[in-house]
Amino acid sequence: MSATSDFITTDFGATLFPLKTNQLMVTNHETEINEYIYQKILDEKNKSDNFLSQQRVYATKPHGHLRRTSKLDPVAEYFLYDIAYRNRAIFRPQVSDQRRSFGYRFKSGTQISVHTAYTEYRQSLSENGKKYKHNLQFDIASYFNSLYHHDICHWFAAAPNVSDIDANALGQFFREINAGRSVDFLPQGIYPSKMMGNEFLKLVDLAGQIKSSCLVRFMDDFTLFHDSPEVLWQDFTRIQQLLGQHGLNINPSKTYFEKNLSGVEETLTKLRESLIEIVEEFEEIHTASSVELVEIETEIESTLTTDQINALLSLLKDEALEESDADLILSFLRSHSNSILEHIPDLLRRFPNLAKHIYAVCGTISEKNDLSAILLDYLNQETFFLEYQLFWLTCIVEDHLMGHGCYGELLIRLYELSQDFKIARAKILEIPEQGFGFKQIRGDFLKTGQSDWLSWASAIGSRSLKPGERNYTLDYFSKGSPMNFLIAGCAKKL
């Protein structure tokens with residue numbers, strides 16, 4: 001495996017919609033993908049091959065909000081990771097001790113983890129909060145969705161040692177994956193996009209007109225420090241004007257003067273304050289492109305008592321429970337996951353934003369048959385689902401419930417419910433289950449000659465068939481498009 005392949009594999013579990021089709025392609029068919037990109041798509045004389053327009057998806061955010069992004073196909077995803085990795089030297093450390101930024105770059109050959117970056121960021125906020133009398137905190141509204149294509153391309157082209165070939169290739173990539181639209185083009189939730197979004201904002205860190213004693217930034221979350229409030233507000237105006245040149249705006253609802261930055265924040269609920277003595281404290285980071293859960297303090301007893309476990313479980317029933325608090329409780333109870341089995345439906349119903357975290361908890365539940373029955377009952381009773389929910393419910397079935405209880409009925413029900421959600425349905429089709437009618441369902445997609453996520457996932461999902469039966473169908477499927485040909489070649493290897 002190449003360094004690019006390692007980069008993709010390391011980041012796979014942290015992405016919003018991790019499809020194993022992409023993972024299998026890069027680990028088994030990387031040479032062919034690389035050749036197709038650099039010898040055909042990026043060949044100016046070859047007009048027949050291009051980056052494809054990407055599938056729009058919506059991940060969930062707290063309080064019913066959605067995060068709009070794209071799910072990249074295997075070729076597009078490989079290219080973005082590859083060009084970011086090969087040009088990783090342009091993603092620099094912080095400007096200075098007075099202009100600090102954290103994370104989303106490579107150090108000693110490996111990408112910096114969000115846990116490491118956020119821990120350092122919080123430490124810096126605490127230190128500067130004690131050092132200076134005043135602070136002003138703010139972030140950019142819908143940062144990734146508001147970036148302008150040409151701003152990112154011009155920044156990349158102007159970076160040291162970036163070749164004209166790579167600069168032109170990135171411009172072509174952004175233009176073609178978004179069908180020519182110049183905004184809302186940068187895919188969220190994947191590390192190379194975060195690297196670009198973070199580095200682009202160094203234009204603020206480097207601005208000479210900023211007079212505050214210290215600026216601390218984590219992606220698009222800014223905090224200014226100074227002993228004079230007048231200086232802070234003047235800088236706030238200057239930064240808004242600077243960002244405005246690129247069509248970016250500050251989020252008024254997340255602008256705070258004199259926010260408590262040391263210890264447990266004032267905004268933490270009484271629940272968190274009461275729990276800190278018995279559990280690990282986690283915080284949900286709402287970055288511009290994803291939500292991460294990181295540990296920020298360790299004050300945990302070796303085990304939770306029965307009374308403590310019951311108290312936490314009772315809190316899950318509280319109608320006033322916030323999503324972030326429910327997420328916190330799930331983290332505490334992961335080692336006692338069987339105790340929360342009966343609460344899974346309520347959590348799925350009330351907190352769709354927790355679907356990925358519930359997936360992690362379900363991996364530790366030993367009562368697999370009971371879990372499958374509970375999930376099936378939930379799917380049969382509910383009438384409205386988001387794609388993000390269905391995607392991660394399918395991941396639970398694939399990774400934690402295969403062969404247990406009513407898992408076949410679960411897959412069929414998920415398939416029925418995903419009719420309007422192409423990526424969630426592709427997640428089901430890529431699972432190599434040939435029973436329950438799925439071999440026939442995939443066969444219908446493979447025989448039509450269509451070239452989209454449903455047929456690509458069906459090809460990968462056929463990998464468990466005997467080679468003769470599998471390859472006969474894939475031979476005809478491969479004639480539909482260059483992407484079909486690539487994916488069929490990979491599936492035959494599997």
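**Aromatic rings, cysteines and cavities in a predicted model**

Lys259 lies over the face of Tyr256, with 4.5 Å to the ring centre; a charge is taken to sit over a ring if NZ of Lys or CZ of Arg is within 6 Å of the ring centre and within 35 degrees of the ring normal. Arg88 is placed over the face of Tyr85, at 4.0 Å from the ring centre. The model is predicted, and local features need pLDDT of at least 70, side-chain atom pairs count only at pLDDT 80 or more, and totals for chains, interfaces and linings use all residues. Residues are numbered from 1 along each chain as its sequence is written, and side-chain values use heavy atoms, with hydrogens and water left out.

A pair of aromatic rings is described by the distance of the centres and the angle of the planes. Rings of Phe, Tyr and Trp (its six-membered ring) were paired if their centres lie within 6.5 Å, with planes under 30 degrees apart counted as stacked, over 60 as edge-to-face and the rest as tilted. The count by this rule is 35 aromatic pairs. In one of them, the ring centres of Tyr85 and Phe106 are 5.3 Å apart and the planes stand at 75°, so the pair is edge-to-face. This pair links distant parts of the chain, 21 residues apart, with Tyr85 in helix 4 (residues 74–86) and Phe106 in strand 4 (residues 106–107). Helices (H or I, at least four residues) and strands (E, at least two) are DSSP runs, numbered from the N terminus. Both Tyr85 and Phe106 are buried, where buried means under 20% relative accessible area, exposed over 50%, and partly exposed in between (1.4 Å probe, protein chains only).

Phe102 and Tyr121 also form an edge-to-face pair, at 6.0 Å centre to centre and 65° between the planes. Here Phe102 is in the loop between strand 3 (99–101) and strand 4, while Tyr121 is in helix 5 (residues 114–131), 19 residues apart. Phe102 and Tyr121 are both buried. Ring pairs join these residues into a cluster whose members include Phe7, Tyr81, Tyr85, Phe102, Phe106 and Tyr121.

A disulfide is a covalent bond between the sulfur atoms of two cysteines. With a disulfide defined as a pair of cysteine sulfur atoms within 2.5 Å, the search of the whole structure finds 0 disulfides. Cys362 counts as buried because its relative accessibility is 0%, and Cys490 is likewise buried at 0%.

The structure holds 5 cavities of 30 Å³ or more. On a 1 Å grid over the protein atoms alone, a cavity is a set of points where a 1.4 Å probe fits but cannot get out, and lining residues have an atom within 4 Å of a point. The largest cavity has about 150 Å³ of space, a volume being the space filled by probe spheres set on the points, which are joined across faces, edges and corners. Of its 18 lining residues, Thr15, Phe17, Lys71, Glu77 and Ile190 are the closest to the centre. Strand 2 (66–71) and helix 4 are the elements that give two or more residues to this lining, and strand 2 gives the most, with 3 residues.

Asp184 has a positive phi of about 60° although it is not a glycine. Asp184 lies in the loop between helix 8 and helix 9 and is buried, with a relative accessible area of 8%.

Technical notes. 1 Å grid on protein atoms, 1.4 Å probe; cavity = no way out; pocket = protein on both sides within 12 Å on 5 of 7 lines; lining within 4 Å.
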